[in-house]
Amino acid sequence: MREYKENHHSLLYKSNSDLTLYSAGHEACGPGQHYGPRVRPYQLIHFVLAGRGSLSINGQVFEVSAGDAFLIPAGQVSYYEAARDDPWTYAWVNFLGIRSQAYMHRIMTACAEGYVIRGLEMEKYRSTVFELLSFQEDTTSSFLAVNSILLRIMSYLFADIDFHEQDWGQKHAADEIRFYLDMNYPKNLKLKEVAAQLGYHPHYLTRIFRERFGIAPKQYLMDLKLKKACGLLRSTGLPVAVVAESLGFEDALAFSRLFKREFGQSPSSYRRQGEGAAVYDA
């Protein structure tokens with residue numbers, strides 16, 4: 001395995017930058033070689049140069065082969081494994097920053113499969129990542145140089161998925177908002193923070209989301225949290241307080257009151273009455 005990791009600046013600095021490289025690398029994997037399940041604090045893109053493997057993320061499994069790229073958003077639990085008969089070789093880039101999630105979401109919502117981009121011309125990605133791997137020093141000069149290369153990779157991706165700003169429109173913006181909520185529902189999200197992260201005014205965000213899905217984003221998020229709570233109560237023995245905390249509720253008592261108001265019974269009663277759990281499948 002070869003890897004370049006940018007260590008000249010802190011993780012906090014990178015997180016508060018617009019878009020910053022964290023690391024890049026290349027690896028020829030052995031049969032069945034795997035990573036995860038794991039959560040990362042940065043965005044991750046793998047470019048499959050040869051062979052095959054599979055990606056498991058967000059309850060979905062994707063078969064991936066040479067010419068494909070697979071995307072792992074920050075904060076998502078993922079597991080990926082090389083095929084035993086034809087293990088993959090891939091190159092990767094990790095990046096973070098204030099705009100990193102918005103860029104990742106735009107790519108994913110513009111692709112049919114979300115987490116996988118098919119049929120890329122891989123030589124330019126391979127050569128560009130190898131250009132990153134040629135850097136040895138952690139200097140301001142190299143920091144600027146490797147980030148210019150990251151921007152080039154991102155520009156390649158947006159061109160290859162044929163992303164057109166003028167066609168993005170309200171429909172795709174609403175899809176992006178829902179995608180963001182689906183990916184980040186365990187957090188204690190505030191609408192203003194979501195709007196700022198995605199670059200929309202809160203009123204505009206609410207309006208286009210309601211027009212597209214017939215529900216306010218705040219209510220959509222709450223319904224999603226409660227749906228996930230039902231799944232956790234049904235499938236785990238976690239205390240109610242832990243379930244509440246894992247879904248971004250700061251107050252377990254408030255969560256219990258909300259749950260009872262929505263479903264007519266407390267979380268503990270719902271757990272005991274397992275026959276009702278299938279109604280609210282997570």
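## H6 against H7

Helix H6 (residues 191-198) packs on helix H7 (residues 202-213) at an angle of about 90°, and their axes are 9 Å apart. Axes here are lines fitted to C-alpha atoms, for helices over the stretch in contact, with angles running from 0 to 180 degrees between N-to-C directions. Helices (H or I, at least four residues) and strands (E, at least two) are DSSP runs numbered from the N terminus. H6 and H7 are therefore roughly perpendicular to each other (65 to 115 degrees; under 35 is roughly parallel, over 145 roughly antiparallel, the rest oblique).

On the H6 side, the contact (heavy atoms within 4.5 Å) uses Leu191, Lys192, Val194 and Ala195, while H7 brings Pro202, Leu205 and Thr206. Sorted by class, the contact of H6 with H7 has five nonpolar residues, one polar and one charged. Nonpolar covers Ala, Val, Leu, Ile, Met, Phe, Trp, Tyr, Cys and Pro; charged covers Asp, Glu, Lys and Arg; the others, Gly among them, are polar.

## Model notes

This is a predicted model, where local features need pLDDT of at least 70 and side-chain atom pairs count only at pLDDT 80 or more, while totals for chains, interfaces and linings use all residues. Residues are numbered from 1 along each chain as its sequence is written, and side-chain values use heavy atoms, with hydrogens and water left out.

## H8 against H10

The axes of H8 and H10 cross at roughly 95° and come within 11 Å. That makes H8 roughly perpendicular to H10.

From H8, Met222, Leu226, Ala229, Cys230 and Leu233 meet Phe255, Leu258, Phe259, Glu262 and Phe263 of H10. The contact of H8 with H10 splits into nine nonpolar, no polar and one charged.

## The largest pocket

The largest pocket holds about 900 Å³ of space. A pocket is an open set of points on a 1 Å grid over the protein atoms alone, where a 1.4 Å probe fits, with protein on both sides within 12 Å along at least five of seven lines; lining residues have an atom within 4 Å of a point. Grid points are joined across faces, edges and corners, and the volume is the space filled by probe spheres set on them.

Its lining has 36 residues, with Asn58, Gln76, Asp182, Met183 and Tyr185 nearest the centre. Strands E5 (52-57) and E8 (78-82) and helices H2 (100-109), H5 (165-184) and H8 (217-235) each give two or more residues to that lining.

## The second largest pocket

About 360 Å³ of space sits in the second largest pocket. Asn188, Leu189, Leu221, Met222 and Lys225 are the closest to its centre among 17 lining residues. H8 supplies the largest share of this lining, five residues.
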